[in-house]
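Hi everyone, thanks for making time for this one.

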Amino acid sequence: MTDQPGTMFDYFKVIVENFSIWPILAIAALIWIGRHPEFLERLSRFKLGGLEVELEKLQNEVRESREEIAVLENELSQQEKRVRAILNNFDEHVPVPELEETRQALKAEARNLDDMDVVKHWLRDGATSAEIYAAAVALRERPMPSLFPDTINCLKRLAEDDNLLGVRLHFVWTLTSAVHKILITDMKHSAEPEISKKHLNDAKEILLVLEKNPRVQEDRPDAPKAGVRGPLGHALTWIEKGLK
């Protein structure tokens, strides 16, 4: 009989060492509460009384958050509709001066964009000429280093096709100019450059391919720097600075 306490202690020690104590305590607490329902009732009354203001505050915060999300979703939807209307209602083939109204409208929308993912979407494989132009205008207005890889990949698809996938030279000029502006933003105006050395090397190769593209070579032979080769050359200069 004198060994019994030691034996009980050994059993308890084995249980503690081999099993988590928390499930056991939780089960014990549930059993105790089941046998003392008046405690649960008092606790419920305490929560409703003591935390009534906090619960109401939390509910109000959740309600306000939902309303803010609804407003943002509505704004994004309206913005998308406005941009889509711009893209659907302009003639891609009019003389460059006649594109000014469209360009200004796209620049205004770009300044108000909360989510630049829409610009990324315009740079995707299979994007229309109008979408590529919209992306180019938006990026010239708001040069985003985070979208540099997407911009370069879009240029790559254009550069590798002898006909630039049918995209107008002015649109390619605008996109190449956007690359130039992104490089300046990242290297000159950022505390720490974001564009990696790999992406700079990729961009250099793509721009050199673009430079040799037949349509680019035919663009303003009288004044090459006035055509696509103008911003292309500036972009290559900044890439060399970045690589050094």
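Let me start with a question: are H8 and H10 roughly parallel or oblique to each other? Hold that thought while I tell you what we are looking at. This is a predicted model, so local features are described where pLDDT is at least 70, side-chain atom pairs count only at pLDDT 80 or more, and totals for chains, interfaces and linings use all residues. Residues are numbered from 1 along each chain as its sequence is written, and side-chain values use heavy atoms, with hydrogens and water left out.

Back to the question. H8 and H10 are roughly parallel to each other, on a scale where angles under 35 degrees count as roughly parallel, over 145 as roughly antiparallel, 65 to 115 as roughly perpendicular and the rest as oblique. Their packing angle is about 25°, and their axes lie 9 Å apart. Axes here are lines fitted to C-alpha atoms, for helices over the stretch in contact, and angles run from 0 to 180 degrees between N-to-C directions. The two helices make a left-handed crossing, meaning that the near helix is turned anticlockwise from the far one by less than a right angle, whereas clockwise would be right-handed. On the H8 side, the contact is made by Phe 148, Pro 149, Ile 152, Leu 155, Lys 156 and Ala 159, and on the H10 side by His 199, Ala 203, Ile 206, Leu 207, Val 209 and Leu 210. Contact means heavy atoms within 4.5 Å.

Now for the overall picture. The protein chain holds 12 helices and zero strands; helices (H or I, at least four residues) and strands (E, at least two) are DSSP runs, numbered from the N terminus. Of its 244 residues, 30% are buried, where buried means under 20% relative accessible area, exposed over 50%, and partly exposed in between, with a 1.4 Å probe and protein chains only. Take contacts between residues at least 6 apart in sequence: 72% of them join residues at least 24 apart.

A word on confidence. Average pLDDT, the predictor's confidence in each residue from 0 to 100, is 81 for the protein chain, with 68% of the residues at 70 or above. Over residues 43-53, pLDDT stays under 50, and the model has four contacts there beyond four places in sequence. Where pLDDT is low, the predicted coordinates should not be read in detail.

Let's stay with H8 for a moment and look at Thr 151, which sits in that helix. Thr 151 is buried, at 0% relative accessibility. Which residues does Thr 151 contact, leaving aside neighbours within four places in sequence? They are Leu 123, Leu 139, Leu 175, Val 179 and Ile 182.

Leu 139 brings us to H7, where that residue is among those meeting H9. H7 (residues 129-141) packs on H9 at about 30°, with axes 8 Å apart. These two helices are therefore roughly parallel as well, and H7 passes H9 in a left-handed crossing. The H9 residues in this contact include Phe 171, Trp 173, Leu 175 and Ile 182.

H7 has another partner. H5 (residues 100-111) packs against H7 at an angle of about 60°, their axes 9 Å apart. That makes H5 and H7 oblique to each other, and this crossing is right-handed. From H5, the contact residues include Leu 106 and Ala 110, and from H7 they include Tyr 133 and Val 137.

On to H12 (residues 229-243). Its 15 residues reach 21 Å from first C-alpha to last, close to the 21 Å expected at 1.5 Å a residue; the expected span is 1.5 Å times one less than the number of residues. Among its buried residues are Leu 232, Leu 236, Trp 238 and Ile 239, and what covers the buried residues includes H9, H10 and H11.

Finally, a quick tour of the loops. Leu 165, between H8 and H9, has a positive phi of about 55° although it is not a glycine. Leu 165 is exposed, at 52% relative accessibility. Arg 220, in the loop between H11 and H12, has a positive phi near 50°, and at 37% Arg 220 is partly exposed. Lys 212 lies between H10 and H11 and is exposed at 67%. Although 52 residues separate Lys 212 from Glu 160 in sequence, their C-alpha atoms are 9.7 Å apart.

Thanks, everyone, I'm happy to take questions.
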